[in-house]
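I opened my notebook to write down, step by step, what I could look up in this structure. I wanted to begin with the overall build and then move on to single residues.

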Amino acid sequence: KGYQPVLLEFKNKMTETDIYLYHLTLQKPSVITHSIYGNFSAPKIQEVVVVRGRLLELLRPNETGKMQTICSTDVFGIIRDIKAFRLTGGDRDYVIIGSDSGRISILQFNNNKFQKIHEETFGRSGCRRICPGEYVAVDPRGRAVMIGALEKQKFVYILNRDSAANLTISSPLEAHRGHNLCFDICGVDV
């Protein structure tokens, strides 16, 4: 009974800004769910980017052919799909990620880490049937990217460069199709 007023007084002093929760597992995920290949760190260097649960890893073969990890980044979310693309006239590849955040993120590998180049919000967060991000397709020439959902919604973004040679992305073009299911999408050069 003697401690009860102290506890009540402590609870009255706490506010929402005083509580910070953080969850991180001790063991890294080991199953590879997605993989892409390209030249991410420099021209003419073959590398592989793999997704292991919430981790994004860049792997490169060493002299003996064994894959070694160059960079490992925790994205603190669910990566739904990942693709590599190269802008016209470029010598390095970018990574585009569809995630559960309701955004697509474009990353570039610089200074031994992945840097966010652009992020475009297109919908609500979470893994829903009608929320795009489950499927990502890239034009083979690096001109456009399409993100799609299992049902109905699809968006197309035009990729380009500005006068300073930085990546620019257009406003989304709607390519919705009602009354159908999408099992996969791919970019085709025509």
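The entries below follow the order in which I looked things up.

**Entry 1: the whole chain.** I noted before anything else that this is a predicted model. Along the principal axes, the C-alpha atoms fill a box of roughly 80 × 50 × 35 Å. Of the 190 residues, 34% count as buried.

Entry 2: I turned to an open sheet of four strands, which are arranged in the order 1-2-3-4 with antiparallel pairing. Strand 1 (34–38) and strand 4 (67–74) each have a single partner strand and stand at the edges, so one side of each is left without a neighbour in the sheet. From one strand to the next, the twist averages 20°. I reminded myself that strands of a sheet pair through backbone hydrogen bonds. Between strand 2 (residues 47–52) and strand 3 (residues 55–61) I found five bridges, and I noted that Val51 has Leu56 in strand 3 as its bridge partner.

**Entry 3: a surface patch.** Which residues make the nonpolar surface patch of about 370 Å²? I found that they are Tyr22, Leu24 and Phe76. Phe76 sits in the loop between strand 4 and strand 5 (79–85), and I recorded it as exposed because its relative accessibility is 54%, where the cut-off for exposed is over 50%.

**Entry 4: salt bridges.** The structure holds eleven salt bridges, and I looked up several of them. Glu134 pairs with Arg80, with the closest N and O atoms 3.1 Å apart. Glu134 lies in the loop between strand 8 (113–121) and strand 9 (135–138) and Arg80 in strand 5, so the pair ties together parts that are 54 residues apart in sequence. Is Arg80 buried or exposed? With a relative accessible area of 6%, Arg80 is buried, whereas Glu134 is partly exposed at 30%.

I next looked up Arg86 and Asp93, whose closest N and O atoms are 2.8 Å apart; Arg86 is partly exposed and Asp93 is buried. Finally, Arg143 and Asp139 meet at 2.5 Å, N to O, and both belong to a network of salt bridges that also includes Arg141 and Asp189.

Technical notes
Residues are numbered from 1 along each chain as its sequence is written. This is a predicted model: local features need pLDDT of at least 70, side-chain atom pairs count only at pLDDT 80 or more; totals for chains, interfaces and linings use all residues. Side-chain values use heavy atoms; hydrogens and water are left out. Two strands pair if DSSP finds at least two bridges between them. Helices (H or I, at least four residues) and strands (E, at least two) are DSSP runs, numbered from the N terminus. Axes are lines fitted to C-alpha atoms, for helices over the stretch in contact, and angles run from 0 to 180 degrees between N-to-C directions. Patches are made of residues with over 30% relative accessible area and no salt bridge: like charges are joined within 9 Å, nonpolar side chains (Val, Leu, Ile, Met, Phe, Trp, Tyr) within 5 Å. Accessible areas come from the Shrake-Rupley method with a 1.4 Å probe; for residues, only the protein chains shown count as cover. A salt bridge is a side-chain nitrogen of Lys or Arg within 4 Å of a carboxyl oxygen of Asp or Glu. Buried means under 20% relative accessible area, exposed over 50%, partly exposed in between (1.4 Å probe, protein chains only).
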